[in-house]
Amino acid sequence: MSRTGPTSSSRALDAILPLISAGQPYEAHQKARTFAARYTKSGSHAIAIDVLFQSARELLKAGHAGSGTDLSILLLDSYERANEPVSDVSRGRVTQLIALVGPSGAWRRGIIDRAISWSAKQGPYPAGDPVLQYYIGDLLHKEGDIVSAEPHLLSSGTRDSARLLAQVYVDWARASDSLQSHAGTFALRGVLPYLLNGNVLATRTFLGALISYISPSGETLPIGATGDEITVTHDSSLNFAQLAVRCVQRAAGAQNKTAREAWVRLCGTYQSRGGILAHPEVRVVLNELATLYFEIPPPRTANANPFGDMMSSLFGGPPGSGPVAASPRTITPDVGRAQLALD
């Protein structure tokens, strides 16, 4: 954004930035707020945004996390007032500030939450902009915060985020020496949320990456006459996850009776063996998938679904707003937003 001409941010920034260099962050912070409010009131949103961004960036560079965060959140407020669309430029300002604020304290979380909210309102993705979500997940993973990285990578749904999610789970499992013993649990942790969101391509990408770590030379098994195949592993739940994705891919509501019956047999066979697939929470999610993809009515005595509530919250709705609690919805398998892959 240019700082020349009578409609630029030059005058404001010339008054603000030297104060930061002079060790007067409070004064710089207050001036930035005052100028931004004045420009916003006059409808000069672009100038207010530039003032807030450059002031916040310099304050964060100088180590003033509190003041920098406050201006960063004001920047996102200005985005919403101006109906600023999600673009490389608008997103780039936000990712710079997220990186500069650093991982210590709660400052970054405030910016992240507000940024995701803005990108959800100004874009077509209820869970927030996929590129922004991927950036946040990748940043947190690099910092070793695996638990916090997970929901952002699930929400992103791009192929790059799916591959990175597999790496996150592998790192997580290796840290507790549970990669082989809990491979299926980690597989379901990625597969079920992706499928609930209708993202089959991300699901397959995730599973392929995860299996490459767990069973790189495993035996392959052809699936029908389609040329598709799965990798047979030692973990029953991981084998189920692969078969479930292939079954869902062929879903067409109640029209494809063969796929519908295959889903029922698949779930019944693997759940009869016990393990995680027989857990009540997982059963409820599988019932939801049956309704979403195959139009199989849910059981009449459906219990509360904490896993579904968590997924609903993750993908933009309040707890209890999942497919069981809300009016029934269906999904036609589609690559969906995973086409927005970053590779």
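Before anything else, I jotted down the cut-offs: a residue is buried under 20% relative accessible area, exposed over 50%, and partly exposed in between. I also noted that this is a predicted model.

**Entry: R250**

I started with R250. Its relative accessibility is 31%, so I put it down as partly exposed. Then I checked where R250 sits: it's in the loop that links α12 (236–249) with α13 (257–271). I also looked up how far R250 is from R260. The two are 10 residues apart along the chain, and their C-alpha atoms are 9.0 Å apart.

**Entry: the whole chain**

Next I zoomed out. The chain has 343 residues, and 50% of them are buried. For secondary structure I got 15 helices and two strands. I then looked at contacts with a separation of 6 or more, and 62% of those join residues 24 or more positions apart.

**Entry: cysteines**

How many disulfides are there? I got zero. The cut-off here is a pair of cysteine sulfur atoms within 2.5 Å. For C247, the nearest cysteine sulfur belongs to C267 and is 7.7 Å away, and C247 is in no disulfide. I looked from the other end too: for C267 the nearest cysteine sulfur is that of C247, again at 7.7 Å, and C267 is in no disulfide either.

Are these two buried or exposed? C247 has a relative accessible area of 9%, so I wrote it down as buried. C267 also comes out at 9%, so it goes in my notes as buried too.

**Entry: α3 and α5**

My last stop was a pair of helices, α3 (residues 45–61) and α5 (residues 88–101). Their axes come within 9 Å and cross at roughly 20°. Angles under 35 degrees count as roughly parallel, so I logged α3 as roughly parallel to α5. I noted the handedness of the crossing as well: α3 passes α5 in a left-handed one.

Which residues meet there? From α3 I listed I49, F53, A56, R57, L60 and K61. On the α5 side I found R93, Q96, L97, L100 and V101. I sorted the residues of this contact by type and got seven nonpolar, one polar and three charged.

**Recap for myself**

R250 is partly exposed and lies in a loop between two helices. Helices α3 and α5 run roughly parallel, with a left-handed crossing.

Technical notes: Residues numbered from 1 in each chain as written. Predicted model: local features only at pLDDT ≥ 70, side-chain atom pairs only at ≥ 80, totals over all residues. Heavy atoms only, no water. Buried < 20%, exposed > 50% of the residue type's maximum accessible area, 1.4 Å probe, protein only. Helix = DSSP H or I, 4+ residues; strand = E, 2+ residues; numbered from the N terminus. Axes fitted to C-alpha atoms, helices over the stretch in contact; angles between N-to-C directions. Parallel < 35°, antiparallel > 145°, perpendicular 65-115°, else oblique. Left-handed = near helix turned anticlockwise from the far one by under 90°. Contact = heavy atoms within 4.5 Å. Nonpolar A, V, L, I, M, F, W, Y, C, P; charged D, E, K, R; others polar.
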